[in-house]
Amino acid sequence: MTQAHRKVILIAGASRGCGPATARQLAGEGHHVVLGARRSSKLHALVTEIRKAGGSAEWFALDVNQPDEMREFLAFAEDIHKRVDVVINNA
C-alpha cells in the first residue's frame, strides 16, 4: 500500500469486543491506527503487538462519555499524523 492510500483510523472502544480484531486487521493492511479506550493496559499491549508485527499504532486513554476526551483523542491523532481519515466508534 502506498503512503497516499494509507488511512489514519481512530478506533474508540479498541480494548475489547471487535475493537482489537479491527485494529489488527486495519494495521495489517497498512493503515495507521490510533486506539482509544479506558483500559490503558490492554491498549498498550495491543499497540505493542501491532508494532511488533510491523504495523503503525498509538493509544490514548479515553472515556467516550466525556466530550473533552473525545476532542483530545482527535487532537492527539492529528498532532501525530496531521489528519484523521476515519473514526470507528466501537464503544
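I searched the whole structure, a predicted model, for aromatic pairs (Phe, Tyr or Trp rings, the six-membered one for Trp, with centres within 6.5 Å) and found 2. For F60 and F76 I noted ring centres 5.2 Å apart and planes at 40 degrees, so the pair is tilted, given that planes under 30 degrees apart count as stacked and over 60 as edge-to-face. This pair links distant parts of the chain, with F60 in strand 3 (residues 56-61) and F76 in helix 3 (residues 67-81), 16 residues apart; helices (H or I, at least four residues) and strands (E, at least two) are DSSP runs numbered from the N terminus. Ring pairs join F60, F73 and F76 into a cluster.

I then looked up accessibility (1.4 Å probe, protein chains only; buried under 20%, exposed over 50%, partly exposed in between). F60 is buried at 17%, whereas F76 is partly exposed at 25%.

On conventions, residues are numbered from 1 along each chain as its sequence is written, and side-chain values use heavy atoms, leaving out hydrogens and water. Because the model is predicted, local features need pLDDT of at least 70 and side-chain atom pairs count only at pLDDT 80 or more, while totals for chains, interfaces and linings use all residues.
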